[in-house]
Amino acid sequence: MGLTRSAIEAMAPDQSALTAASALLKPAKWPVRARSGHLIWGECQGSGANPYRVAADTDEHGAKCTCPSRKFPCKHAIALMWLFVEDGATFQDADIPAWVNDWMGRRRKGAAPAASAASGDAKSLSTARDATADAPPDPKAYVRKRAASEKRAQDTRRSVRTATEDLDGWISDQLRTGLSGFLTEVGERCRRIAARLVDAKAGALASRVDEMPSRLLALPNEQRIEAAVAELGKLALLTCAWRAAPDDPDLRREVIGSETREEVLADAGAPRCGSLWEVLGERTLTRRDGLVSQATWLMNLRAGPQRFAMLLDFFPASAGRRSGAFVPGERFTAELAFYPAHLPLRAVIVRRDQSIDAPDGWSVSWPDAAADPLAEVAEQALAAPWLTEMPVLLPAGRICAEASGRAWWRSHDGIVVPLHGAPSALALGASIERAAGVWAGSRLSLIAARTNWGRLGFDA
């Protein structure tokens, strides 16, 4: 039983799913489209940092997607099948990847999804495509929408300004009453002020305050007071900077919330960088608000000012662990669009090439590192002193540790940097040529290293 337009219409849960799928029928949305026998698969760039992996069986009409949608099949699966029906020649013949084989091994053979019961109007691919056509603009509606948007922005700004002033007063109270008492009740105190910030529409600032206890309590007791001073000081710098420049996109992202991926791609002023990138590693953290943040760190292997990039995605913790779209050590050519910032780091993929071979003339080794990496971090901190983390590239050196488990990275020139966590025995014995990590103000979390024994990965 082959895949046809009528079969796709029958599988779709409703007409809205077909309409949503029609918006994904753009080649730029699908950097990967491949086939093998009756199986097709691809990667669709969604709203998150990592593309969704989609697979379908053209014989039995089964489908699988890594997106969190509760509809089956989801719009990504419908779009993949729709693309195949309309232009199957664009699907390259390829070996079946492991994740597709895993899905085929777990699904029940012969269990094609039943056609959805008709409800209301009949479902049609043509109707879905027509529904996405641009409607004639309504000048009056545009003026009303713009006026309402400006009013909401003004109301938000007033509310957030009041919230930042309240936060400044709260910080003063913690310093006045003593940091020992603050650290004793840090969880409850931070929760209370974070709730007030949420009510005032300063959601990003609230999340940062709410996560502060976990960052402080993860440190040894003797380091907590100094770290608390740094955390509170950075918050004060951030609120002061935002009040001075509330329209700054970087500050707005830190205080109110982030732009969408689509807004970044549409922003003509957003920095872009096309290069050869290496996947350094991934860090997955469960936040107090019930979301899981998945950060993928990339390094630019070509000379240039943009050395690092971070792809950041969020999904509900209830959705379970999601497999990453990248493998540590993987290399690919891609164009990235960076969120406008004083120190651009977070990015989204505009276009990705499947090739892992470096183009002629491009360096495939890690770039040179500064002799004193912390001096470089301190210089960058002058541009954005409110940041809690900064990526850093370390020169040649070794990892040292004591019996208590505390560890340091030591350069050949004698520069010492404290590390987060106990390193493996393999890392302790290796001669490090280059290492990449994230500096958090008092300690460094290693992500990856090139050593005399090969590439090493770390839990970032």
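Two strands pair if DSSP finds at least two bridges between them. Helices (H or I, at least four residues) and strands (E, at least two) are DSSP runs, numbered from the N terminus.

This is a predicted model, in which local features need pLDDT of at least 70, side-chain atom pairs count only at pLDDT 80 or more, and totals for chains, interfaces and linings use all residues. Residues are numbered from 1 along each chain as its sequence is written, and side-chain values use heavy atoms, with hydrogens and water left out.

**Stop 1: strand S9**

Select residues 331-338, which make up strand S9. Colour by burial: buried means under 20% relative accessible area, exposed over 50%, partly exposed in between (1.4 Å probe, protein chains only). In S9, 8 of the 8 residues are buried, so the strand is largely enclosed by the rest of the structure.

Now show the side chains. In a regular strand they alternate between the two faces of the sheet. From S9, Arg331, Thr333, Glu335 and Ala337 point one way. Phe332, Ala334, Leu336 and Phe338 point the other way.

Strand S6 (residues 272-286) runs antiparallel to S9 and is joined to it by 7 bridges. Pick Gly274: its bridge partner in S9 is Glu335.

**Stop 2: the five-stranded sheet**

Move to the open sheet of 5 strands. Its order is S4-S3-S2-S1-S5, and the pairing is mixed. Strand S4 (63-65) and strand S5 (92-93) stand at the edges with a single partner strand each, so one side of each has no neighbour in the sheet.

Select S2 (residues 39-44) and S3 (residues 52-57). They run antiparallel and share 6 bridges. Click Cys44 to find its bridge partner in S3, Tyr52.

Next, bring in the helices. Contact means heavy atoms within 4.5 Å. Axes are lines fitted to C-alpha atoms, for helices over the stretch in contact, and angles run from 0 to 180 degrees between N-to-C directions. Helix H3 (residues 75-87) lies across S1 (32-36), S2, S3 and S4, at about 55° to S3. Helix H4 (residues 98-106) lies across S2, S3 and S4, at about 50° to S3.

**Stop 3: rings**

Rings of Phe, Tyr and Trp (its six-membered ring) pair if their centres lie within 6.5 Å; planes under 30 degrees apart count as stacked, over 60 as edge-to-face and the rest as tilted. How many aromatic pairs does a search of the whole structure find? There are 4.

Select Phe84 and Phe91. This pair is edge-to-face, at 5.4 Å centre to centre and 90° between the planes. Phe84 is buried at 16% relative accessible area, and Phe91 is buried at 3%.

Go on to Phe326 and Phe332. This pair is stacked, at 5.5 Å centre to centre and 20° between the planes. Phe326 is buried at 8% relative accessibility, and Phe332 is buried at 0%.

Now look for charges. A charge sits over a ring if NZ of Lys or CZ of Arg is within 6 Å of the ring centre and within 35 degrees of the ring normal. Return to Phe91: the charged end of Arg33 sits over its ring, 5.9 Å from the centre. Then select Tyr339, where the charged end of Arg346 sits over the ring, 4.4 Å from its centre.

**Stop 4: positive phi**

Most residues other than glycine have a negative phi. Select His61, in the loop between S3 and S4. His61 is not a glycine, yet its phi is positive, about 65°. Buried or exposed? His61 is buried, at 7% relative accessible area.

Select Lys201, in the loop between helix H8 (186-199) and helix H9 (203-217). Lys201 also has a positive phi, about 75°, without being a glycine. Lys201 is partly exposed, at 45% relative accessibility.

**Stop 5**

Select Ser293 in strand S7 (residues 291-300). Ser293 is buried at 12% relative accessibility. Not counting residues up to four places away in sequence, Ser293 touches Arg283, Thr284, Leu285, Arg287, Leu312, Asp313 and Phe314.

Finish at helix H2 (residues 15-22). Its buried residues are Gln15, Ala17, Leu18, Ala21 and Ser22. Look down the axis: these buried residues fall within an arc of 160°, so they line one face of H2. The arc is that of the directions from the helix axis to the C-beta atoms.
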